[in-house]
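The following note sets out points for a colleague who intends to work with this complex.

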Amino acid sequence: MIPLITSIIAITLSAGTSLVYATIGEIYTERSGILNLGIEGMMLMSAVTAFATAFHTGSLLLAVLMAMLVGMLLALIHAFLSITMHANQVVSGLSITLFGTGLASFLGQRLGPESNGFNLSGMSAVKFTRLQVEGLGDIPLLGAVFNQDPLTYIVYLLIPVAWYFMYKTKFGLNLRSVGENPQTADAMGLNVTKIRYLYTIFGGMLVGIGGAHLSLAYTPGWSENITGGRGWIVIALVIFSMWNPSRAILGAILFGGINAVQFRLQASGTDIPSAYLNMAPYVATILVLVLVTVWESHNRKVGPPAALGTSYMREDK
Amino acid sequence: MGIAGVAGNGQRELTEVITGLHPVLNGSIKINGKDMTNRSPLAIIRSGVSHIPSDRIAMGVVGDMSVANNLVMKGYRRAPITHGGLLDPRRILDFAKRMIDSFKIATPTPATHVKFLSGGNIQKTILAREIDSCGGVLVAAYPSRGLDVGATEAVRNEMVRQRDRGSGVLLVSEDLDELLSVADKIVVMFEGQSMGELNSANAGVEMLGLMMSGVSKSKAEKEYYGSDHATGV
Amino acid sequence: MQLVFEKRKAVSRRAIVLVPILSFIVSLILTGFLLMAFKANPLRTYMAMFIGAFGSWSNFTETLVKATPLMFTGLGVTIAFKLRFWNIGAEGQLVFGGVAAAWVALFWSPFLPAWSLLPMVMLVGMMAGAMWAGIPALLKTRLNVDETLVTLMMNYIAILFAEGLYYGAWRDPEGYGFPGTKLFPEAAWLPRFSGRAHVGLFIAIGIGLLLWVAMNRTKWGFELNMIGKNQKAARCLGVNVKRNILVALLISGALSGLAGVSEVTAISHRLQQGLTMGYGYTAIIVAWLSQLNPIAGLFVAILMAGLLVGGDQVQMMMGLPAAMGLVLQGMILFPMLAGSLFTEYRLKRIDPRNSRVAESNEELSV
């Protein structure tokens, strides 16, 4: 029993890693007042970029950096459209997802080796391996926490740092005020446009790392549906964590856990058809969303940043 | 009937309860003799209530639709705008032109989106629509707030004309001169409660000011007339 | 010289027509750079795509085959977007409609006269699509749950549900392990008129025209417009916002459901893998590029279908991935979104000599 639970914890954390990166990234973006629904496309693009880079260069560091860069570039497009051009943020995010999905699929069929018809799927490349922390990794149950890949270890640090930055520093205060009330923030001398650009791109960078984790660590390799809607689950997790980076871990554990249990059930050969089993994360997302929304409507204190999704134009007022 | 009070003392809520936008928790609302407590906004509109809302851009108009369309946002439900089950664009235009003329709405064309108009002309658009469709009761919240002198004048004149025509006008305002010139009776509200009712003929600005700061009617009368006496005016 | 945005005095009609067309051209140019990066000649590629999609009658019928579900889903999404209800669940509504159609076609035929089978298939398919859109609409209007996420999650659920059926309970026992149901009885086939092009096309066009009238000439359309552009004002003016959202979403879902019905009854004649071709997502592009105009939407659907068919052709002829078509589609909305600003604003030059006298003097002296 203990080895089983240990393995479920291990898979949960590994499955949750990409979710935490992307959730924290999106929390920062939304806190600045920008809603980015392009996460799914950005994760796909960064996953294919990371894998292609790892495949051709053999460098994991370069692969992650490239994934970050791609995440930032796509976020930059969204920032330009929604901040500078005042485009509808929902549609802009959707088009990032549509574009990212299409381009990732194109690149996946084009960046592979000639011997495989330029196809990347089915190839293997260098990947992140689990590193056991000396001494701690042998503890029953808890050992799973210290038997992870480097990107997961970084997540352990990222969560408190992201929380501290947002709630305990001047920069975090500026970020939150821009998302709550850009008019006032502007009057206080903050550069609303610059701050929104900055955190939209920063969010894209974290999403990029999340995408890289998928294709380099969690399910090493490339397939067109590697994300399986994770980019959308992230949007739900942002609501679930009530725009607080420290709570990103809860959602990630919940959804990572669902993945892990699914994984174990399938491995143990259950009677439930895999299609129905695979519905679990999506059904859970809807349920969680309904519960959180109802709960939030009774607690006026929590809720989305007041200016989320609205563009800010000085001349308007 | 005028409602005086410093903004935020329940006047906006009062208008929104009357027009059916907020539920009635206790008490009842009678319109033209019929009980309309907790009916839908549409039922209340049908019973004859017109509403000039406090936030004209957010609640009074659809900025991204044309002036003509905004003018028929009450009338589109019935003939002559609806004709044989379909909206008739020509009749909408005719109606709009008439309204633009008679209310002197300054707009480049009837097809111009309302959000491109000035605040005064947006308010005139609302006024034209609400007064044309008015069936006896006009609820107006801060109708002249933020308008220039000309537009303010036009709005007040329309209120008076409505009253003279026999409609019940409920005017919520912070502008005491406006209340005194338009309303026959004035109720002062403070923290959601009525502080008393006055006849505008014998109510002075100072008296209203006292009641608006929470002094009850009887006390205010004493103080008001008392102080008059003391200074010997 | 400096450029700033200046608000126009009225919405520019010319910009409304020009922006989508220019967006398409910009998308072609941007994708051209991508093609050049992979050592493909953009002009030859586009020519091949064009010929593949529109070059002959038989190619064009294939484009119409793909345009039909795009019309249905595009119109469905248009209704929802008109209300600013972000229904991105057309894909799931399509699949669920297809599943329900298969259910009727496969299991009801013994109990129904042959003539009534197809109408029943279509009716139940539409109801299923409506139901799949009605759930998020109810969650939104009753509990204010974000519709974007619910509609999207329901895509995955519907797709997996269909998969569970054609891999499991409904799998054809004589299908040699092929993931799909038995062939439908012929009474449940939607007739084709040329190649694989079928009468669903005419139904879609008819609905498109009808919808244009409904949206522009009826009280219903007028209220939809008011709600979409200012929900609060609509409520003040006596419009029943919640009921309108629910009804509109039922219609929206029914149309996407019809897309699924026509796919299974006219194209595959069974429920099988490949029902989800992304039509529900492309529908978003159709709706937005047509600026929520149902008649424009019909043409945009044909254009998008052309990109898909053209992409397939390019793959066969030049070995470029068929996802080309998807890249082109995905690229279109970027210039479109950027360009929308110009319908309300225009660029204005500020002469620095007037606004910044001191600086220009310095420049002169240098």
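1. How are α4(C) and α11(C) oriented to each other? The model is predicted, and in it helix α4 (residues 90–107) of chain C packs against α11(C) with an angle of about 135° between them and a separation of 6 Å between their axes. Angles over 145 degrees would count as roughly antiparallel and those from 65 to 115 as roughly perpendicular, with the rest taken as oblique. α4(C) and α11(C) are therefore oblique to each other. The crossing in which α4(C) passes α11(C) is right-handed.

2. On α4(C) they are A90(C), E91(C), G92(C) and L94(C), and on α11(C) they are Y279(C), G280(C), Y281(C) and A283(C). By class, the contact of α4(C) with α11(C) comprises five nonpolar, two polar and one charged.

3. Helix α3 (residues 57–82) of chain C and helix α12 (residues 294–318) of chain C meet at an angle of about 135°, and their axes lie 7 Å apart. That angle makes α3(C) oblique to α12(C). The crossing of α3(C) and α12(C) is right-handed.

4. The contact between α3(C) and α12(C) draws on residues along both helices. From α3(C) the contributors include N59(C), E62(C), K66(C), L70(C), M71(C), L75(C) and T78(C). From α12(C) they include P294(C), L298(C), V300(C), I302(C), M304(C), L308(C) and V309(C). Sorted by class, the contact of α3(C) with α12(C) has 13 nonpolar, six polar and two charged residues.

5. Chain A and chain B do not touch, and their nearest C-alpha atoms are 11 Å apart.

6. Chain A contains twelve helices and two strands. Read from the N terminus, its elements follow the order α-α-α-α-β-β-α-α-α-α-α-α-α-α. For 317 residues a compact globule would have a radius of gyration near 20 Å, and the 20 Å of chain A agrees with this. Along the principal axes, the C-alpha atoms of chain A fill a box of roughly 60 × 50 × 40 Å.

7. Chain B has ten helices and ten strands. Its radius of gyration is 19 Å, close to the 17 Å that the globule rule gives for 233 residues, so chain B is as compact as a globular protein of that length. The C-alpha trace of chain B spans about 70 × 40 × 30 Å along its principal axes.

8. Chain B has an average pLDDT of 85, and 96% of its residues score at least 70. Within chain B, the lowest confidence is in helix α10 (residues 217–231) of chain B, with a mean of 61, and the highest is in helix α4 (residues 67–71) of chain B, at 95. Over residues 227–233 of chain B the pLDDT is below 50, and this stretch has one contact in the model beyond near neighbours in sequence.

9. Chain C has a mean pLDDT of 90, with 95% of its residues at 70 or more. The pLDDT is below 50 over residues 355–366 of chain C, a stretch with four contacts in the model beyond near neighbours in sequence. Where pLDDT is low, the predicted coordinates should not be read in detail. For the complex, the predictor gives an ipTM of 0.91 and a pTM of 0.92.

Notes
Residues are numbered from 1 along each chain as its sequence is written. Chains are lettered from A and ligands numbered from 1 in the order in which they are written. This is a predicted model: local features need pLDDT of at least 70, side-chain atom pairs count only at pLDDT 80 or more; totals for chains, interfaces and linings use all residues. Axes are lines fitted to C-alpha atoms, for helices over the stretch in contact, and angles run from 0 to 180 degrees between N-to-C directions. Helices (H or I, at least four residues) and strands (E, at least two) are DSSP runs, numbered from the N terminus. Angles under 35 degrees count as roughly parallel, over 145 as roughly antiparallel, 65 to 115 as roughly perpendicular and the rest as oblique. A crossing is left-handed if the near helix is turned anticlockwise from the far one by less than a right angle, and right-handed if clockwise. Two residues are in contact if their C-beta atoms, placed from the backbone, lie within 7 Å. Ala, Val, Leu, Ile, Met, Phe, Trp, Tyr, Cys and Pro count as nonpolar, Asp, Glu, Lys and Arg as charged, and the others, Gly among them, as polar. pLDDT is the predictor's confidence in each residue, from 0 to 100. The radius of gyration is taken over C-alpha atoms; the globule rule is 2.2 Å times the number of residues to the power 0.38.
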